[in-house]
Amino acid sequence: MDPIIRLQNVNFWYEHGKPSEYLALKDISFDINPGEYVAFFGASGSGKTTLLYLIAGIEQSQDGKIIINGRDISTLSKQELAIYRQVGVGMVFQQFNLIPSLSVVQNIILPMSFLGVSQERAKVEAMELLKRVGIEQLADRFPDELSGGQQQRVGIIRALANNPPIIVADEPLGNLDSTNAETVLAFLKELNEKDGRTVIMVTHEAWSLRDAKKIFFIKDGVITEDKSSSPKEVGQTISQRLYSQLSPELSKTQLTAQALSSLFLRGYSAPELKRFEFFLSQRLENKIDADLFRMMLGRPWHSDGLGLWKQKANKVSQWVEEVIEEKRDVESLYKELETHPEAPLADDVEKLKSWLVSDYRGELSDLQSVQLREIIVDRIRGVISSDDMREILNLPRSKAGLGFSIHTAERIKERLDFILNNGHPQLGSFSPV
Amino acid sequence: MADKKTKVLIVDDDEVIRIYFHDIFWIYGFEDRCELSVAADLDAAERTVVDPASRPSIVFLDLSLPKKVGGRTVIDPRYSFDFVKRIKADPLMSETRVVMLSDHAEKEFEAEAKEAGVDIYLRKGENLPKDIVELVSRLLAK
């Protein structure tokens, strides 16, 4: 079988030819066959997204060949590349990249319009695609009225609009809670197994590799290993290879910090992960004590902390202390988290939100739900004060507030204050979820 | 093996359409079975069909194409219809299947195209890549 994608000796530089030049990909060569489900696995900055952008024709190769179905796309004109990006490959982004001023259905129509397909025909196709994932009722909504999970489903559908045989997904689960992440993973699997599409995913989260049939480990712009395996073997491979393959030159402490960070803080941003990694390595090297470590986790982001809310900070620091006291080894903790990932921030926020409005008699609109989640995140991270929160809750919707009565705003504010300042209850004990 | 490939000609003055069709043939692997050529106007298309080395057995033809007439470039659907009639009247090319690509919704254009010998009449805005893939598969299967 001829490969659908073949990279031959690809090098890629950022700021090429300038003093700040940076070699992001080094002599990359590999084959991907039609209908394969492939993952590129590596830490932030390893070059995996650059690789994906080269395959998708978003970046053009500077050195080496990128051969799609026998044709080197490095030689294509800009016009040819633009059409290749519509016909050949569908791209799914971590940040969804939906156009905020267009409705859901218009977002999906857009790639078809690019190929000259009429609005009427494109709309019929868009509605069929929306039905496929069961969200046709959201067709006329705007992206900011959707949850993250719904936005990502729209993002995937938009990638399918022109029925491309190759789907590339750049950290597609990064901004999703665990339920929505599962839904998206299941859909990617379906696109591979049922539709026969070639699926390529970039991820730094080991647990999301379970459906991939081939994994390329990438580190500092180099593919360190490729592994074709059954799903069971894939999980085993990750555990065995994680430390040595990802960062062979780092110390054991740094490796542990790096390995655990993405699992402890699933759904958090890259800068947050980086800061957490730093605190964790400081603690593992005993440069800070347990109390200071916990305090730094809970301190607001703008005060150089991590901005975790108290319960999460306590839980994470407790795990870390167990590792230090050798009550459990890193490998077993890693495996536990791999199987049952720690709830990402989005899950916590959703539970908190449900609890905060559990005695609210009105019904929250979708927009209010989204806004409330954002305010909770801002409050947890110390971006806004308790009084700011009450004010936003009380402001009328015409002024971008939530339009709650002063009584409701005060009640929600007090409940959240209690949790953030005093409360140590397990979330599950008060959450209606 | 090369001489066993089906020769396909795409004639359209819109570069996006030419690339679009070319990409479909490339990405869906039709190039293994086809030898594809493209033309941007009727004069280039005529040169392709009269040359035995490049004579196609499938033609995708735009309804409105530029043609040099008396030193001027003219765009008129009747030149495309005349082109089809010549193909169909030529014993060496009468088996050629012609797919007309049209921006026009008017029924009379479709009727005139059929009368000229067009096998399939497609409205340009009505076809997604998957529709074209299906059509090409069908044409190549015959």
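Which residues are buried in H14(A)? I shall answer that in a moment, after one remark on the source of the coordinates. What we are looking at is a predicted model, and every value I quote is computed from it.

To the opening question, then. The buried residues of H14(A) are Gln371(A), Leu372(A), Ile375(A), Ile376(A), Arg379(A) and Ile380(A). The helix itself covers residues 366-380 of chain A. After H14(A) comes Gly382(A), with a positive phi near 75 degrees.

Let me turn to another helix of chain A, H11(A), which comprises residues 310-324. H11(A) has 15 residues, and the distance from its first C-alpha to its last is 21 Å, close to the 21 Å expected. Its buried residues are Lys312(A), Ala313(A), Val316(A), Ser317(A) and Val320(A). How are these buried residues arranged when seen down the axis of H11(A)? They fall within an arc of 120 degrees, and therefore they line one face of the helix. Following H11(A) we find Glu326(A), whose phi is positive and near 60 degrees.

That brings me to backbone angles in the loops of chain A. As background, most residues other than glycine have a negative phi. Glu15(A) is not a glycine, yet its phi is positive, at about 55 degrees. Glu15(A) sits in the loop between strand S1 (5-14) and strand S2 (22-32) of chain A. Is Glu15(A) buried or exposed? It counts as exposed, because it has 10 C-beta neighbours inside 10 Å, and the cut-off for exposed is 12 or fewer.

Asn163(A) also carries a positive phi, of about 60 degrees, although it is not a glycine. Asn163(A) lies in the loop between helix H5 (148-160) and strand S7 (166-170) of chain A. With 17 C-beta neighbours inside 10 Å, Asn163(A) counts as partly exposed.

I move now to chain B. This chain has five helices and seven strands, and along the sequence they follow the pattern β-α-β-α-β-β-β-α-β-α-β-α. Of its 142 residues, 33% count as buried. Among contacts in chain B with a separation of 6 or more, 61% join residues 24 or more positions apart.

Within chain B, one helix pair deserves attention. The axes of H3(B), residues 77-89, and H4(B), residues 107-116, come within 8 Å and cross at roughly 25 degrees. The two helices are therefore roughly parallel to each other, since angles under 35 degrees count as such. H3(B) contributes Pro77(B), Phe81(B), Val84(B) and Lys85(B) to the contact, while H4(B) contributes Phe109(B), Glu112(B), Ala113(B) and Ala116(B). By class, that contact of H3(B) with H4(B) has six nonpolar, no polar and two charged residues.

Finally, the interface. How many residues does the contact take from chain B and from chain A? It takes 15 from chain B and 18 from chain A. On the side of chain B that touches chain A, helix H1 (15-27) and helix H5 (129-141) of chain B each supply at least two residues. H1(B) gives the largest share of that side, namely eight residues. Sorted by class, the side of chain B that touches chain A has eight nonpolar, two polar and five charged residues.

How values were computed. Residues numbered from 1 in each chain as written. Chains lettered and ligands numbered in written order. Predicted model: local features only at pLDDT ≥ 70, side-chain atom pairs only at ≥ 80, totals over all residues. Axes fitted to C-alpha atoms, helices over the stretch in contact; angles between N-to-C directions. Helix = DSSP H or I, 4+ residues; strand = E, 2+ residues; numbered from the N terminus. Parallel < 35°, antiparallel > 145°, perpendicular 65-115°, else oblique. Contact = placed C-beta atoms within 7 Å. Nonpolar A, V, L, I, M, F, W, Y, C, P; charged D, E, K, R; others polar. Expected span 1.5 Å × (residues − 1). Buried ≥ 20, exposed ≤ 12 C-beta atoms within 10 Å, placed from the backbone. Arc of directions from axis to C-beta.
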